[in-house]
Amino acid sequence: MSLPLFNDLRYNDDGLVSNTSRAQVETENDIASIYDRMFFFADPLSEEKKHGLLRRREHVSYLKRMVGELSVGFTSLESSRPWLVYWCVHGLDVLGELEGDTATKQSAIAALRLCLHEDGGFKGNVTGEPHLATTYAAIVSIAAVNTDEGYSLVDRKLLHSFLMKMKQPDGSFLMHKGGETDVRGAFCALSTAVLCGICSDDLRKGVGDYIRTCQTYEGGFGGEPGNEAHGGYAFCAFAALRLIGEETSVDLNALAKWAVGQQMRLEGGFRGRTNKLVDACYSLWQGGLCVNVSEALVESSPDVAFRLAHAAFDAFLMHENSVWVESEEAEEGEEDEEEDLNGLAAAPRHPWLFQPVALENYSFCASQLQNGGFRDKPGKGRDAYHTCYSLSGLSLALEARQMCSEVRSSALAYADRMNGEDKNDERSSRERELGVVLGVAESNLLRPVDPKFVLVRGRAEAMISYFSGQ
């Protein structure tokens, strides 16, 4: 059985076939076949539907194995040891399985201690030079572990000196001595500094100016001036701006429009760049960017935040871009009229810029593996990186539906569109939602994630508080 509505959600190559369009079509076919199997069983709690439940026990087992000694197959990641530690301890923290696990915490800190450099930063392994990326990974790992033993690894004076050595006159940061500069450096340096209470004026100076030069004509951010907009770099750029309180200094409307446009209509997950394929890691990079933009807008211009969220829902559900023009024209404070969208429930007015239900569907059905771990997309293997950021993105999606009651109505509208249901369906809302939205079980709940640092909420505050007393 095939979903007729999938045809409406598919990529349109306008008759111009290319390697890019062929890859997109193949990916859509793979995921559509999974959705066909998952969404069309009479019993919403059938064994097939249960595949939409979070495989919590399997994910925990997979991540804990990755914290300790690794096999020779992980040789290529030898220079990324702090990242492996972070992906595992943060993933476990999101699952709610780290707090009482003393053995895993001790293993994590022992691994990070071997990577500590005499200059105050952290290396990728036991040899080499300190690197901003692995320093960030080590610091947020320490924050997730949240123990005195972990905090004792941080020499704030040496760490600040290392960060300042990486600082460049134009406001950018070298990733390492003699290395490249891009917005990752700004995010890694500022996150590290804020968490450790060493974010001095000298460190912040000019960073916002540099980041603003990286916003592209599409609205997103490239790694450096003149580069293509990219989800990972856009996340880093905007999160860095939030950390120094300059988030409203860029074109938020253009950024929001670009970020929302990276959520794939059929797949439900995000891609990293225009005309690229869906990838589960962008559940966090793009999903977290959407949340950061939403929160910035709610703090500065709540009316605009709700209008953009309304427009984003319209654009996703109806596959149209014209609504963005309407949202821009309404900036004088005019209220948009609630419309019945071709028989669907009216779009909700909530400040979430992405469709959480669609992201849950992709994560649970297409990315999650039944034996634990998450993958980029069907046909790929699992790894700690995609597991960590899939869980983080899932947390944001689940939090959206818990915080905003109106998201549930959007979930039902989306479910009806995917299932081809009549809005007057006599089934209960619960039954209709279970028919397509797979993240509704209590066993799927995850701890909320702070998208500024990519830590479980409360971890950053605990670390900041610890060092503020010194």
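1. In which helix is the place of A144? In this model, which is a predicted one, A144 has its place in helix α6. A144 is buried, with a relative accessible area of 1%. Leaving aside residues up to four places away in sequence, the residues that A144 touches are V89, D93, L98, L455 and R459. A separate relation concerns A144 and G458, which stand 314 residues apart along the chain, while their C-alpha atoms are separated by 9.4 Å.

2. The secondary structure of the protein chain comes to 21 helices and four strands, and of its 470 residues, 57% count as buried. When contacts between residues at least 6 apart in sequence are considered, 71% of them join residues at least 24 apart.

3. Helix α21, which spans residues 459-468, has R459, A460, M463 and F467 as its buried residues. Seen down the axis of α21, these buried residues fall within an arc of 100°, so they line one face of the helix. The elements that cover them include the helices α4 (81-94), α6 (132-145), α7 (148-151), α8 (156-166) and α9 (183-196), together with the strand β4 (455-456). R459, one of the buried residues of α21, is also among the residues that A144 touches.

4. Helix α4 holds H90, which is buried with a relative accessible area of 0%. Not counting residues up to four places away in sequence, H90 touches C388, S392, V449, V454, L455 and V456.

5. The aromatic residues deserve a point of their own. A search of the whole structure finds 14 aromatic pairs. One of them is formed by W83 and Y86, an edge-to-face pair with 6.1 Å from centre to centre and 70° between the planes. W83 and Y86 are three residues apart in helix α4, and so they are separated by about one helical turn; both of these residues are buried.

6. W83 also forms an aromatic pair with Y136, and this pair is tilted, with 5.8 Å from centre to centre and 55° between the planes. The pair links distant parts of the chain, since W83 belongs to helix α4 and Y136 to helix α6, 53 residues apart. W83 and Y136 are both buried.

7. How do helix α12 (residues 231-243) and helix α14 (residues 282-300) lie, and at what angle do their axes cross? The axes of the two helices come within 9 Å and cross at roughly 30°, and the crossing of α12 and α14 is left-handed. On the α12 side, the contact involves G231, G232, A234, F235, F238, A239 and R242, and these meet Y282, L284, W285, Q286, G288, L289, N292, V293, E295, A296 and E299 in α14. The residues of this contact divide into 10 nonpolar, five polar and three charged.

8. N146 has a phi near 60°, a positive value in a residue other than glycine, and its place is in the loop between α6 and α7. N146 is partly exposed, with a relative accessible area of 28%. N275 likewise has a positive phi, of about 70°, although it is not a glycine. The place of N275 is in the loop between α13 (252-260) and α14, and at 45% relative accessibility N275 counts as partly exposed.

9. A last point concerns L77, which is found in the loop between α3 (56-67) and α4. L77 is partly exposed, with a relative accessible area of 27%. Computed along the sequence L77 and G124 are 47 residues apart, whereas in space they are 9.0 Å apart, C-alpha to C-alpha.

Conventions
Residues are numbered from 1 along each chain as its sequence is written. This is a predicted model: local features need pLDDT of at least 70, side-chain atom pairs count only at pLDDT 80 or more; totals for chains, interfaces and linings use all residues. Side-chain values use heavy atoms; hydrogens and water are left out. Axes are lines fitted to C-alpha atoms, for helices over the stretch in contact, and angles run from 0 to 180 degrees between N-to-C directions. A crossing is left-handed if the near helix is turned anticlockwise from the far one by less than a right angle, and right-handed if clockwise. Contact means heavy atoms within 4.5 Å. Ala, Val, Leu, Ile, Met, Phe, Trp, Tyr, Cys and Pro count as nonpolar, Asp, Glu, Lys and Arg as charged, and the others, Gly among them, as polar. Buried means under 20% relative accessible area, exposed over 50%, partly exposed in between (1.4 Å probe, protein chains only). The arc is that of the directions from the helix axis to the C-beta atoms. Rings of Phe, Tyr and Trp (its six-membered ring) pair if their centres lie within 6.5 Å; planes under 30 degrees apart count as stacked, over 60 as edge-to-face and the rest as tilted.
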